[in-house]
Amino acid sequence: MISESIVQKIESLALEVATRVGVQIYDIEFSGGAQGRTLRIFIDKEGGPGIEDCTNLSRGLNEVLDADENFIPGGKYVLEVSTPGLERNLKQVWHFEKVIGKKIWLKFTRSLDAAGVENKKIKNAKQVSELLEAVLQEPSVDGEAPSVFLQLSVEGELVKVPLSFVEKAKLVFDFKEGKHDKKSVAPKVKPKQQGKSKSHKNKKR
């Protein structure tokens, strides 16, 4: 398992490269074990990134990582750079802010009654797929970071749910809008014969 500190270092490197090539780091995932590990980096930009953007980020990050073979411990891994796709995961506050006014799916750690919802139709719900009306940040009374709330329209009722209640979230793509922001992935290249192997995949969602 890759430690959180290594993931943070990878994120820092990826942010530097992303600034140079004109894209934004949307998310980073490192998954797998002894049978194979994959470092996935998702990028975004105004107007939507394409395959060339994925390739540029992948090439630039490879150059940095290749300079230090021991930067990521544990041997070989696959590097995959892609866009978040149509129904992208929502994790950070700014992820939610970018999709205000759109339909999102949420899975909560607690039912909505814990957020003060009294409507019998929805108070026991732990999953919803509804319109995100707003992202609210309220100052903390103890001087800590502001509390963040998601304001949703659920069954015609405005509901304010703490972001801390959210276990998983993603954008629900509305095909009626006619948008086709397909997932772009950097094209595959032959991996280098080193201690780690990296490939760039070309998939469509």
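**Helix packing and cores in a predicted model**

Reader: What span should the 16 residues of helix α2 cover, and what separates its end C-alpha atoms?

Author: This is a predicted model, in which local features need pLDDT of at least 70, side-chain atom pairs count only at pLDDT 80 or more, and totals for chains, interfaces and linings use all residues. Residues are numbered from 1 along each chain as its sequence is written, and side-chain values use heavy atoms, with hydrogens and water left out. Helices (H or I, at least four residues) and strands (E, at least two) are DSSP runs, numbered from the N terminus. Expected span is 1.5 Å times one less than the number of residues, so α2 (residues 51-66) should span 22 Å, and its end C-alpha atoms agree at 22 Å.

Reader: Which elements do the buried residues of α2 pack against?

Author: Buried means under 20% relative accessible area, exposed over 50%, partly exposed in between (1.4 Å probe, protein chains only). In α2 the buried set includes L57, G60, L61 and L65. Their partners are α1 (4-21), β2 (36-44) and β3 (78-82).

Reader: How are α1 and α2 oriented to each other?

Author: Axes are lines fitted to C-alpha atoms, for helices over the stretch in contact, with angles from 0 to 180 degrees between N-to-C directions. The two axes come within 9 Å and cross at roughly 135°. Angles under 35 degrees count as roughly parallel, over 145 as roughly antiparallel, 65 to 115 as roughly perpendicular and the rest as oblique. α1 and α2 are therefore oblique.

Reader: Which residues of the largest nonpolar core touch the most other members?

Author: A nonpolar core is a set of buried Ala, Val, Leu, Ile, Met, Phe, Trp, Tyr and Cys residues joined through side-chain atoms within 4.5 Å. This core has 25 residues. Those touching the most other members are F96, I104, L106, F108 and L152.

Reader: Which strand gives the largest share of this core?

Author: Two or more residues come from each of β4 (103-108), β5 (127-138), β6 (147-154), β7 (157-162) and β8 (166-171). The largest share is four residues, from β6.

Reader: Is S129 buried, partly exposed or exposed?

Author: S129 lies in strand β5. Leaving aside neighbours within four places in sequence, S129 is in contact (heavy atoms within 4.5 Å) with K103, I104, W105 and V172. At 29% relative accessibility, S129 counts as partly exposed.
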